[in-house]
Amino acid sequence: MAIMKKGNLICTKCKRTFPIERIYPRCDICNEPLEVEKAVRGKIHEGNVLNQTILERYADFFPFTRIDKAISLREGFTSLVGSLKLASELGVENILFKNEGQNPTWSFKDRGTVTGMQHAISLRYKKIGTVSTGNMAASVAAYGAKAGCETFILVSASLPVGKFNPIAIYEPTLIKVDGDYSKLYFESLEVGRQNGIYFINSDVPFRIEGSKTIAFEICEQMHFEVPDYVVVPTSAGGNIRGILKGFEEFRLCGLIDKVPKMICAEASGCSPIYDAYISNAEVVSRVENPHTIAHAIENPYPPSGNEVLRRIRENGGTIVTVTDEEIIQAQKQLAQVGIFGQPASAVPLAAVKKLGEKAFFGENDTVVCIVSGGGLKDTAVFKKHELKILNCSLENLNELIGSGL
Ligand SMILES: [Zn+2]
């Protein structure tokens, strides 16, 4: 049984505090997201990562005094892979890819699901749920199945069958909801309150806690030499907030001496945070008729959008958008260095290329791109690529290969 440490949730805007046992993730006054107080003391519990969970290794940085290990599907500890070839093409010292497709349900969401589940179970919830277009739905369904919870997954009515089945296989209560998808997030919180369901949605405080581990692992993998930039494909805004919080906590605890600049990367077909950023607005506005090939980041009204704006402005990073064409091109380029990510995962590389063309980076810069989910998550995208295959009879095989093609 996971038990909570003492501590508070803090409103990201007005800084009002709330009890950590609370599950409603937003401030009563400003309706902005809450977050767990930052850890200011802590060390890494070194050990054999083959036997350790992220919750154990980074236990000091989570508000749990005890962990229920049985919930874990061995999430995290994903690889960080560099490409000197791409770095030289892009004119930076190094570019590295944090391959979150290696998680149990093939996306970064598993990190936040395991921390959200710990919170839900510590509060004795037996029912959990989420609102998602794909990655988070599969993740919560899988962890719900592992923990034996009754699991409610709310998806948009327009979700294609190809995305429906990889969620349904875990046998949650899967409901296609007809209506405005961006309103479903807020509606689910109310449904959860009335029905005793803990909705582990995109930017709830305990999901942010899970995303911190991406930053922790990057620090360890780079021997505590912090990258200059971290580029994050951004939808609801929870993951980029979590990664930044992770770096900040390591700095507060004296494990690193600086925090990287964060680059929030959106698709130009759905870029509410970017739109607010370039017009110097303080709040994001809903995007009408969003459309991008990177479905995983197609959120027209991101619940953490305002907070991402505030944090990027403080942090000194930037916000950038890329077109579907640039995303497809980057997906191919990423595959050519051996990493196949879903379209949203190619958004950071596309963003780096775009910023590179404007001489944004220095030649000594190190850039980390977050590859948020595995390429097989979206096989429909294959038709956007010109993929070659040769045909040959068994008799002619040697001749064909010997011909130099
Ligand atoms: Zn507030």
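Student: What order do the 3 strands of the open sheet have?
Tutor: The order is β3-β2-β4, and the pairing is antiparallel. Strands (E, at least two residues) and helices (H or I, at least four) are DSSP runs, numbered from the N terminus, and two strands pair if DSSP finds at least two bridges between them. This is a predicted model: local features need pLDDT of at least 70, side-chain atom pairs count only at pLDDT 80 or more, and totals for chains, interfaces and linings use all residues. Residues are numbered from 1 along each chain as its sequence is written, and side-chain values use heavy atoms, with hydrogens and water left out.

Student: Okay, which strands are the edge ones?
Tutor: β3 (17-19) and β4 (34-36), each pairing on one side only.

Student: And how many bridges link β2 and β4?
Tutor: β2 (residues 8-11) pairs with β4 over 3 bridges. Leu9 stands opposite Val36 in β4.

Student: Which helix packs on the sheet?
Tutor: Helix α7 (residues 205-221), touching β2 and β4. Contact means heavy atoms within 4.5 Å. The direction of α7 makes about 50° with that of β4; axes are lines fitted to C-alpha atoms, for helices over the stretch in contact, and angles run from 0 to 180 degrees between N-to-C directions.

Student: New topic: at what angle do α11 and α12 cross?
Tutor: Roughly 100°, with the axes of α11 (residues 324-335) and α12 (residues 343-357) coming within 7 Å. So α11 is roughly perpendicular to α12, a label for 65 to 115 degrees.

Student: Which residues make that contact?
Tutor: Among them are Ile327 and Leu334 of α11, and Val347 and Lys353 of α12.

Note on methods: Parallel < 35°, antiparallel > 145°, perpendicular 65-115°, else oblique.
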